[in-house]
Amino acid sequence: MLYLIGLLVIVVIVLVSCVNIVPQARAYVVERLGGYQTTWEVGIHFKMPFIDRVARRVTLKEQVADFPPQPVITKDNVTMRIDTVIFYQITDPKLYAYGVDNPIMAIENLSATTLRNIIGDLELDETLTSRETINTKMRASLDTATDPWGIKVNRVELKNIIPPSEIQDAMERQMKAEREKRESILRSQGEKESAILVAQGKKEAAILDAEAEKQAAILRAEAKKEAMIREAEGQAEAIKTVQQANADGIRMLNEASASKEVLQLKSLEAFGKAADGKATKIIIPSEIQGMAGLVKSVSEVIKE
């Protein structure tokens with residue numbers, strides 16, 4: 001009885017071991033009697049006991065291989081160290097299992113030789129400024145070489161480029177000199193623009209001063225003109241008033257039936273006002289001259 005129970009337990013264990021569940025993004029390579037039988041994908045699978053076995057479990061997700069720095073020599077004989085990062089994915093589990101003994105080591109060696117070939121055609125400056133070109137060439141070369149192994153190389157990145165220490169020092173000095181040069185150029189440009197702005201400011205200030213002086217001269221001329229006009233108008237008004245007063249006086253004399261002698265005296269006074277103390281010579285009509293002598297005689301008698 002115990003024998004039967006033990007046998008039954010063994011059979012159950014064997015049957016359970018023949019049931020396999022393949023998880024997502026995984027693949028199993030199955031061999032039968034040492035030879036390739038099939039590839040299991042996601043799901044439940046059964047194998048023949050004792051004659052079938054899972055030879056390799058393969059992950060189908062994208063993987064990353066970070067390789068240590070590799071020494072390379074540029075076209076101008078500069079030795080530097082470059083480390084690369086490769087993103088790859090297994091597309092055929094069978095080829096991956098049987099194509100190469102150690103796929104990761106094979107990819108590492110292949111990337112090193114490919115990198116040396118590419119860098120050997122470039123000079124130092126080109127190597128430092130052509131990362132994208134190097135990445136593209138390496139990816140194309142590695143993808144073609146790893147295709148028989150069931151591996152697809154998706155991306156290749158140069159993680160770091162390490163030139164020799166003396167080259168680094170020279171590059172740092174060059175960068176410092178370049179920065180100082182740019183600083184000097186910027187400072188000179190700033191001083192130039194500042195001088196131009198100052199000159200423009202002085203020019204605009206001079207223009208504004210000249211314009212202001214012009215406006216002031218125009219205003220002064222207009223004010224002087226206005227004053228002269230008003231003075232002339234005042235003088236004209238004064239003359240008009242004097243003439244009007246004389247005319248009124250003569251009219252009043254005529255209305256009062258003044259004698260000939262009084263009219264002559266008034267005429268003499270009019271001549272005196274006309275001279276106004278400014279004339280040096282006054283021509284008096286003959287009929288008035290006699291009256292002038294009479295007036296003088298009368299004035300002398302009154303004084304005595």
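Buried means under 20% relative accessible area, exposed means over 50%, and partly exposed lies in between, with a 1.4 Å probe and protein chains only as cover. Helices (H or I, at least four residues) and strands (E, at least two) are DSSP runs, numbered from the N terminus.

This is a predicted model, in which local features need pLDDT of at least 70 and side-chain atom pairs count only at pLDDT 80 or more, while totals for chains, interfaces and linings use all residues. Residues are numbered from 1 along each chain as its sequence is written, and side-chain values use heavy atoms, with hydrogens and water left out.

**The whole chain**

The chain contains eight helices and nine strands. Of its 304 residues, 22% are buried. The chain exposes about 21700 Å², of which carbon and sulfur atoms supply 58%; accessible areas come from the Shrake-Rupley method with a 1.4 Å probe, and for residues only the protein chains shown count as cover. Among contacts (heavy atoms within 4.5 Å) with a separation of 6 or more, 62% are between residues 24 or more positions apart.

**Strand E2 and its sheet**

Select residues 26-32, which form strand E2. Five of the seven residues of E2 are buried, so the strand is largely enclosed by the rest of the structure. Two strands pair if DSSP finds at least two bridges between them.

Seven bridges join E2 to E5, and five join E2 to E3. Select Glu31 to see both sides: its bridge partner in E5 is Arg53, and Tyr36 stands opposite Glu31 in E3. Tyr28 stands opposite Arg57 in E5. The hairpin of E2 and E3 has two residues between the strands, and Leu33 takes a positive phi near 55 degrees there.

**Strand E1**

Move to residues 19-22, strand E1, whose covered face holds Asn20 and Val22 and whose uncovered face holds Val19 and Ile21. Four bridges join E1 to strand E4 (residues 43-46), and the two run antiparallel. Val19 stands opposite Phe46 in E4.

**A nonpolar patch**

Which residues make the nonpolar surface patch of about 530 Å²? Select Tyr3, Leu4, Leu7, Val11 and Leu15. Patches are made of residues with over 30% relative accessible area and no salt bridge, like charges being joined within 9 Å and nonpolar side chains (Val, Leu, Ile, Met, Phe, Trp, Tyr) within 5 Å. Tyr3 belongs to helix H1 (residues 2-17) and is exposed, with a relative accessible area of 65%.

**Salt bridges**

Side chains of opposite charge can pair when their charged atoms come close. A salt bridge is a side-chain nitrogen of Lys or Arg within 4 Å of a carboxyl oxygen of Asp or Glu, and the structure holds 10 of them.

Select Glu62 and Arg155, whose side chains meet in a salt bridge (3.7 Å, N to O). Glu62 lies in the loop between E5 and strand E6 (63-66) and Arg155 in strand E9 (residues 151-162), so the pair ties together parts that are 93 residues apart in sequence. Glu62 is partly exposed at 38% relative accessibility, and Arg155 is partly exposed at 38%.

Next, select Lys152 and Asp143, joined by a salt bridge of 3.9 Å, N to O. Lys152 is partly exposed at 36% relative accessibility, whereas Asp143 is buried at 19%. Salt bridges that share partners join Arg139, Asp143 and Lys152 into one network.

**Around Arg139**

Centre the view on Arg139, which is in helix H5 (residues 131-146) and is partly exposed, with a relative accessible area of 29%. Apart from residues up to four places away in sequence, Arg139 touches Val153, Asn154, Arg155 and Val156. Tyr88 is 51 residues from Arg139 in sequence and 9.9 Å away in space, C-alpha to C-alpha.
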